[in-house]
Amino acid sequence: MNITIKNNKQIDDMRIGGKLLGRALTLLKESIKPGFNCLDLDKIFANFLKENNCDSNFKNYMGYPKYICVSINEQLIHGIPQDREIENGDIISIDAGLIYNDMHLDAAFTTICGKPKNEKDIELVKITKESLFLAIEQIKAGVRIGTLSSTVQKIIEEKGFHLPTAYCGHGIGYEMHEDPQIPNVGKEKTGIRLVKGMTICIEPMVQIGTPKTIVEKDQWTVRSADNSMAAHYEHTILVTEYGYEILTAWED
Ligand code: MF3
Ligand code: CO
């Protein structure tokens, strides 16, 4: 296990990078309308990076071909933006990251385009976001990773939704994926303890019908095995002595 602690300069850079990523996600969310092409979402983000002197941590990551992930409806994560128009009622999950001054940030949100198809879809998106913020509220130095995981698991399972276990949150900073892993399922008061200066990503991924997932033929897109709807939220968070700071905070 190689957990890294960031110094003040690096944390300041991550604050700036996080604010930039938040602004970019705002731009993307505002663009989600019926008829909007997913390739244009990717272009908006790529242009934003250029204009703000940031690099991409997604493009070319293990051969990933785009700047963001756009996962639609039954797609959970890692959807490659396609030449596809967003439709009314589509559940759109966008995952995006950037590098600012060599420091990595990573965040995701889910939103429903236009008029939701049903109440369950609304509940799915709401509970996924809520589980992220409940876990974040647990964060401070000394708290164990399992407590974050079990906070997500409890609320999601209480409401009858499902958590795929193959995908996790993670440490972040010098690289997009650092130790430790932060699962969405676990036992409270188990696992390693958070330390002041750690920067981590918590990212609940939630499905309506099953915890099982399938990777599509494109080798990236992960969808629910039963084609039920899916949602994903993520923030990059700094652990402090008495609490936390959401580095990628934005008005979602
Ligand atoms: N942001 C994703 C994560 O949280 C990683 C995306 S990998 C990419 O782990 F290749 F799709 F960029
Ligand atoms: Co992540």
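**Note on the cobalt site and ligand 1**

1. The donor residues of the cobalt ion (ligand 2) follow the sequence spacing D-x63-H-x32-E-x30-E. Two of them join distant parts of the chain: Asp106 belongs to strand S4 (residues 103–112), and Glu203 lies in the loop between strand S7 (199–202) and strand S8 (205–207), 97 residues apart. Strands are DSSP runs of E, at least two residues, numbered from the N terminus.

2. This is a predicted model; local features need pLDDT of at least 70, side-chain atom pairs count only at pLDDT 80 or more, and totals for chains, interfaces and linings use all residues. Residues are numbered from 1 along each chain as its sequence is written, chains are lettered from A and ligands numbered from 1 in the order written, and side-chain values use heavy atoms, without hydrogens and water.

3. Which atoms hold the cobalt ion (ligand 2) as protein donors? They are Asp106 (OD), His170 (NE2), Glu203 (OE) and Glu234 (OE), at 2.0 to 2.3 Å. Donors are N, O and S atoms within 2.8 Å of the metal (3.2 Å for Na, K and Ca); water is not among the atoms, so sites may look incomplete.

4. Asp106 is buried, at 3% relative accessible area. Glu203 is buried too, at 7%. Buried means under 20% relative accessible area (1.4 Å probe, protein chains only).

5. Ligand 1 has residues around it that include Phe58, Tyr61, Trp220 and Glu234, where a heavy atom within 4 Å counts. A polar side-chain atom of His177 is 2.6 Å from an oxygen atom of ligand 1. For Asp106 the distance to a ligand 1 oxygen atom is 2.9 Å. Polar contacts are pairs of N or O atoms within 3.5 Å.

Terms used:
Helix = DSSP H or I, 4+ residues; strand = E, 2+ residues; numbered from the N terminus. Buried < 20%, exposed > 50% of the residue type's maximum accessible area, 1.4 Å probe, protein only. Polar contact = N/O pair within 3.5 Å; in protein donor to acceptor, adjacent residues only side chain to side chain.
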